[in-house]
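Colleague: Hi, could you walk me through this structure? I'm new to it.

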Amino acid sequence: MTASVAAAAPAFPVARGRPAAGRARPVSRPRHVPGPGGDAASKIPRLESRIHVFALCVPFPSSLEAEIACGSLAPDAEPHGGAVEKQLTVSGSVMAVRWRAKDPRLLRISIMTFLDQLSLVMQTMRRFGPPVSR
């Protein structure tokens, strides 16, 4: 009885020329992409072109306090002309904040500024005591 073994074709391109120690080495080549630049490397997104997202949930003792804090912090527009998007929402007694930006430095500045303002709002609310329902 004889057995035959069929060799499978490699899943990657093989280098031509002199193989090292009798073995072929794999060669990775970028795909050709039509358009300006023409190679796959030029289509890899750069760090600056990615959208960075940061979300924060801040719990409050009551939904009224969450609404007051959101109302105090929402009017502040982002100073960088729309380079950073900020959304504030309230669900029950939790205020949620979500940022989106292409520039990580501007995102960090916006978050730090917001946290400073949030700290001031929370200190003020603590000093005046719990809000009175109307």
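Colleague: How much of the protein is buried?

Modeller: Buried residues make up 19% of the 134 residues. Here buried means under 20% relative accessible area, exposed over 50%, and partly exposed in between, with a 1.4 Å probe and protein chains only. This is a predicted model, where local features need pLDDT of at least 70 and side-chain atom pairs count only at pLDDT 80 or more, while totals for chains, interfaces and linings use all residues. Residues are numbered from 1 along each chain as its sequence is written, and side-chain values use heavy atoms, leaving out hydrogens and water.

Colleague: Thanks! How many helices and strands are there?

Modeller: The protein has two helices and three strands, in the order β-α-β-β-α along the sequence. Helices (H or I, at least four residues) and strands (E, at least two) are DSSP runs, numbered from the N terminus.

Colleague: Tell me about α2. What span should it have?

Modeller: Helix α2 covers residues 104-128, and its 25 residues should span 36 Å at 1.5 Å a residue. The expected span is 1.5 Å times one less than the number of residues. The end C-alpha atoms are 36 Å apart, which agrees.

Colleague: And what's at its ends?

Modeller: At the N-terminal end, Asp103 caps α2, with a side-chain oxygen 2.9 Å from the backbone nitrogen of Arg105. After α2 comes Gly129, whose phi is positive, near 85°.

Colleague: Which residues of α2 are buried?

Modeller: They are Leu106, Leu107, Ser110, Ile111, Phe114, Leu118, Val121 and Met125. These buried residues pack against β1 (52-59), α1 (63-73), β2 (84-91) and β3 (94-101).

Colleague: How do α1 and α2 cross?

Modeller: Their axes come within 10 Å and cross at roughly 135°. The axes are lines fitted to C-alpha atoms over the stretch in contact, and angles run from 0 to 180 degrees between N-to-C directions. Angles under 35 degrees count as roughly parallel, over 145 as roughly antiparallel, 65 to 115 as roughly perpendicular and the rest as oblique, so α1 and α2 are oblique to each other.

Colleague: Who makes the contact?

Modeller: From α1, Glu65, Ile68, Ala69, Ser72 and Leu73; from α2, Phe114, Gln117, Leu118, Val121 and Met125. Contact means heavy atoms within 4.5 Å.

Colleague: New topic: where is Arg50?

Modeller: Arg50 sits in the segment before β1 and is partly exposed, with a relative accessible area of 43%. The C-alpha atoms of Arg50 and Ala101 are separated by 8.4 Å, although these residues are 51 residues apart along the chain.

Note on methods
Polar contact = N/O pair within 3.5 Å; in protein donor to acceptor, adjacent residues only side chain to side chain.
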